[in-house]
Amino acid sequence: MPVTRTTPPGRQPLARARIIDATWALAAERGLAAVTMRAVAERLGVTPMALYRHIGDKQGLLDGLVERLLGEIPLPDPELPWPDRLEQLAQGMRAVARAHPDLFPLLFERSATTEAARRPRDAAYSALREAGLKEADVERAERMLSTFILGFACSEAAGRFAHVDADTEFTYATEALRRVFVS
């Protein structure tokens with residue numbers, strides 16, 4: 001006779017989104033170092049083994065956090081000129097860094113591996129192709145741009161620009177980058 005698994009009354013079924021929600025809350029409250037399979041399982045009231053079929057391992061938890069961070073970046077209207085799309089992506093990244101300064105550095109440590117996490121990168125690829133970059137250069141240019149934006153956003157969120165107007169600094173830097181891509 002097959003075993004039927006049911007969720008006890010009053011308990012939500014375990015799903016990837018619910019696990020990532022719990023991971024996000026744990027990281028926001030106690031920092032990234034607190035994120036373990038055991039801690040997330042305790043938060044959800046399940047055993048750590050129950051998480052594995054939905055999320056894989058701790059790396060899956062961290063990938064979910066990256067997906068959530070990058071998912072907060074609004075995608076620009078594809079009808080806008082390419083420089084405006086790149087600027088909107090950058091401004092979105094700055095906003096996410098300011099909203100989640102303790103979690104944002106995770107983007108330096110981990111690649112965007114899920115489809116949802118890759119959407120901002122794909123939007124940047126599209127803008128760079130429209131800018132006239134050769135296909136062989138698109139990925140490299142996006143890495144350079146995103147590293148710059150991540151660094152600026154992290155620095156800004158950490159208070160590095162407290163003594164100057166961060167918007168003015170950002171405009172100066174993005175205008176310099178724009179000249180590189182236009183020339």
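Colleague: In which handedness of crossing does H5 pass H7?
Modeller: This is a predicted model. In it, the axes of helix H5 (residues 82–99) and helix H7 (residues 119–130) come within 9 Å. The crossing in which H5 passes H7 is left-handed.

Colleague: Are H5 and H7 roughly parallel or roughly antiparallel to each other?
Modeller: Two packed helices are described by the angle between their axes and the distance between the axes. The axes of H5 and H7 cross at roughly 155°. Angles over 145 degrees count as roughly antiparallel. H5 and H7 are therefore roughly antiparallel.

Colleague: How many residues of the contact of H5 with H7 are nonpolar, polar and charged?
Modeller: From H5, the residues Trp-82, Arg-85, Leu-86 and Leu-89 take part. They meet residues of H7 including Pro-120, Ala-123, Ser-126 and Glu-130. By class, the contact residues are 8 nonpolar, 1 polar and 2 charged.

Colleague: Does Leu-51 count as buried or exposed, and at what relative accessibility?
Modeller: Leu-51 lies in helix H3 (residues 48–55). Not counting residues up to four places away in sequence, Leu-51 touches Leu-14, Ile-19, Met-37, Val-40, Ala-41, Leu-44, Val-46 and Gly-56. Buried means under 20% relative accessible area. Leu-51 therefore counts as buried, at 0%.

Definitions and conventions. Residues are numbered from 1 along each chain as its sequence is written. This is a predicted model: local features need pLDDT of at least 70, side-chain atom pairs count only at pLDDT 80 or more; totals for chains, interfaces and linings use all residues. Side-chain values use heavy atoms; hydrogens and water are left out. Axes are lines fitted to C-alpha atoms, for helices over the stretch in contact, and angles run from 0 to 180 degrees between N-to-C directions. Helices (H or I, at least four residues) and strands (E, at least two) are DSSP runs, numbered from the N terminus. Angles under 35 degrees count as roughly parallel, over 145 as roughly antiparallel, 65 to 115 as roughly perpendicular and the rest as oblique. A crossing is left-handed if the near helix is turned anticlockwise from the far one by less than a right angle, and right-handed if clockwise. Contact means heavy atoms within 4.5 Å. Ala, Val, Leu, Ile, Met, Phe, Trp, Tyr, Cys and Pro count as nonpolar, Asp, Glu, Lys and Arg as charged, and the others, Gly among them, as polar. Buried means under 20% relative accessible area, exposed over 50%, partly exposed in between (1.4 Å probe, protein chains only).
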